[in-house]
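Please read it with the model open.

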Amino acid sequence: MKIKLSIIAIALLLGLSGCSSTQSLQEYYVDSSENPNFLLVDVPTSILNLEEADLTEGEATALKSLRKLNVLAFRKTTDNVAMYKAEKSKVTAILKNEDYTELMKLNSSYGKGVIKYLGDDDAIDEVIIYGNSDESGFAVIRVLGDDMNPAYIVQLLQAIQKSDYQGEGLGEIGKFLKG
């Protein structure tokens, strides 16, 4: 009986130690969806108006590999500074997970950010674009697709620049962040 209990205890300890205590980005999105400081929007790739753009074969392949974008934005106000810092720390901790591979860092007049991805180099499952500004807040964009390639992201950005896309359909997010 003691041996049986010892084996069960060891199995439980091994099972619990194998579980990650870090929240996943998907769980963070779900947990934040009811918080009034956040705006969560699912954006279909069709909103980018790239069908009429003169796309190269690579750009068209990049577009076909995308399914949708999940945007989660936190607007910082004078009333939620402490919550902004706490939420920013949570996102930073999630993105430090070794499962995420960094593609590039961003630094602009709007703020700082990073682009990371999950998956293999030649078959990315998800691209994460994170940007923050201590003045206005932060946004996390999950780009979901099928067998995306890091080069696709560059090609997609080139395709967006070629198109007449002016941010239509994303007005709610822009207004939300501006307050």
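Arg142 is buried, at a relative accessible area of 7%. Buried stands for under 20% relative accessible area, exposed for over 50%, and partly exposed for what lies in between (1.4 Å probe, protein chains only). The side chains of Arg142 and Glu126 form a salt bridge, 2.8 Å from N to O. The two residues sit in distant parts of the chain, Arg142 in strand E6 and Glu126 in strand E5, 16 residues apart. A salt bridge here is a side-chain nitrogen of Lys or Arg within 4 Å of a carboxyl oxygen of Asp or Glu.

This is a predicted model, in which local features need pLDDT of at least 70 and side-chain atom pairs count only at pLDDT 80 or more, while totals for chains, interfaces and linings use all residues. Residues are numbered from 1 along each chain as its sequence is written, and side-chain values use heavy atoms, with hydrogens and water left out.

## Overall fold

The protein has 6 helices and 6 strands. Their order along the sequence is α-α-β-α-β-α-β-β-β-β-α-α. Helices (H or I, at least four residues) and strands (E, at least two) are DSSP runs, numbered from the N terminus. Of the 179 residues, 35% count as buried. Contacts are heavy atoms within 4.5 Å. Among contacts between residues at least 6 apart in sequence, 63% join residues at least 24 apart. The accessible surface comes to about 11,100 Å², and 55% of it belongs to carbon and sulfur atoms. Accessible areas come from the Shrake-Rupley method with a 1.4 Å probe; for residues, only the protein chains shown count as cover.

Helix H2 spans residues 25-32, and its buried residues are Leu25, Tyr28, Tyr29 and Ser32. They lie on the same side of H2, because they cover an arc of only 100 degrees around the axis. The arc is taken from the directions from the helix axis to the C-beta atoms. What covers them? The cover includes strands E1 (38-44), E2 (66-75), E5 (123-133) and E6 (137-148), along with helix H4 (81-95).

In helix H3 (residues 57-65), Glu59, Ala62, Leu63 and Ser65 are buried. These residues fall within an arc of 160 degrees seen down the axis, so they line one face of H3. Glu57 and Lys64 are exposed on the other side of H3.

## Nonpolar cores

In soluble globular proteins, nonpolar side chains tend to be buried together. A nonpolar core is a set of buried Ala, Val, Leu, Ile, Met, Phe, Trp, Tyr and Cys residues joined through side-chain atoms within 4.5 Å. The largest core has 16 residues, and Leu25, Tyr28, Val91, Leu95, Tyr130, Phe138 and Val140 touch the most other members. H2, E2, H4, E5 and E6 each give two or more residues to this core. H4 gives the largest share, 4 residues. Apart from this core lies another, of 12 residues, including Val41, Tyr117, Val127 and Val143.

Leu95 touches Tyr100, Val114, Lys116, Ile128 and Tyr130, leaving aside residues up to four places away in sequence.

## Gly131

Gly131 belongs to strand E5. Its relative accessibility is 25%, so Gly131 is partly exposed. With residues up to four places away left out, Gly131 touches Lys112, Gly113, Gly137, Phe138 and Ala139. Gly131 and Lys112 are 19 residues apart in sequence, yet their C-alpha atoms are 5.5 Å apart.

| Pair | Closest N and O atoms |
|---|---|
| Lys90 and Glu87 | 3.3 Å |
| Lys88 and Asp134 | 3.2 Å |

Lys88 lies in H4 and Asp134 in the loop between E5 and E6, so this pair ties together parts 46 residues apart in sequence. Lys88 is partly exposed, at 23%, and Asp134 is partly exposed at 41%. Lys90 and Glu87 both lie in H4, 3 residues apart, about one turn of the helix. Lys90 is partly exposed, with 41% relative accessible area, whereas Glu87 is buried at 8%.
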